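Here is a short walk through one protein chain.

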Amino acid sequence: MSANHAAPRDPETRLRRILRRLPQAQRETLVSFAEFLAQRHPPEEAPLPEPEAIPRPREETVVKAMKRLSATYPMLDKSRLLNETSALMSQHVMQGRPAQEVIDELETLFARHYRRLCGEEE
């Protein structure tokens with residue numbers, strides 16, 4: 001190679017160039033080998049962030065509490081909380097359960113899911 005066309009130092013760029021030059025069967029072999037290597041060396045998991053310390057206001061609606069708790073625990077998959085949070089919201093709206101009770105339970109629910117995510121609970 002001439003000085004103007006030196007091989008790139010970035011491994012991803014180099015692999016893309018190599019991949020484009022290979023026939024389809026060899027591309028599949030290269031990808032399979034890369035997947036094999038990746039399985040042998042799993043990436044290190046980043047530590048979970050701590051929940052955001054957002055204080056609970058004295059007067060808070062259940063909807064605002066849900067927004068606050070979602071902001072407090074952004075690392076949680078909200079779809080995993082959906083059934084339980086919907087049931088609590090329904091108890092408040094349809095059955096007249098007091099907001100403070102529902103919010104207390106929501107806080108417990110979010111904290112439990114966070115501990116589960118951290119591996120502290122089953």
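## Charges, shape and rings

The chain carries 19 positive and 19 negative charges, and their mean positions are 10 Å apart. Lys and Arg count as positive, Asp and Glu as negative, while His and the chain ends are not counted. Each charge is placed at NZ of Lys, CZ of Arg, CG of Asp or CD of Glu.

This is a predicted model: local features need pLDDT of at least 70 and side-chain atom pairs 80 or more, while totals for chains, interfaces and linings use all residues. Residues are numbered from 1 along each chain as its sequence is written, and side-chain values use heavy atoms, leaving out hydrogens and water.

Now the fold. The chain has 5 helices and 0 strands. These are DSSP runs numbered from the N terminus: helices are H or I with at least four residues, strands E with at least two. Along the sequence the pattern reads α-α-α-α-α.

Next, the overall shape. The C-alpha trace spans about 75 × 30 × 25 Å along its principal axes. The radius of gyration of the chain is 25 Å, whereas a compact globule of 122 residues would have one near 14 Å. That radius is taken over C-alpha atoms, and the globule rule is 2.2 Å times the number of residues to the power 0.38.

How much of the chain is buried? Of its 122 residues, 16% count as buried. Buried means under 20% relative accessible area, exposed over 50%, and partly exposed in between (1.4 Å probe, protein chains only).

Turn to the rings. The structure holds 3 aromatic pairs. Rings of Phe, Tyr and Trp (its six-membered ring) pair if their centres lie within 6.5 Å; planes under 30 degrees apart are stacked, over 60 edge-to-face, the rest tilted. Tyr73 lies in the loop between helix 3 (62-72) and helix 4 (78-95), and Phe110 in helix 5 (residues 99-117), so the pair ties together parts 37 residues apart in sequence. Tyr73 counts as buried because its relative accessibility is 11%. Phe110 is buried too, at 2%.

Tyr73 also pairs with Tyr114. Their centres are 5.8 Å apart and their planes at 50°, so this pair is tilted. Tyr114 lies in helix 5 and Tyr73 in the loop between helix 3 and helix 4, so the pair ties together parts 41 residues apart in sequence. Tyr114 is buried, at 9% relative accessibility. Tyr73, Phe110 and Tyr114 form one aromatic cluster.
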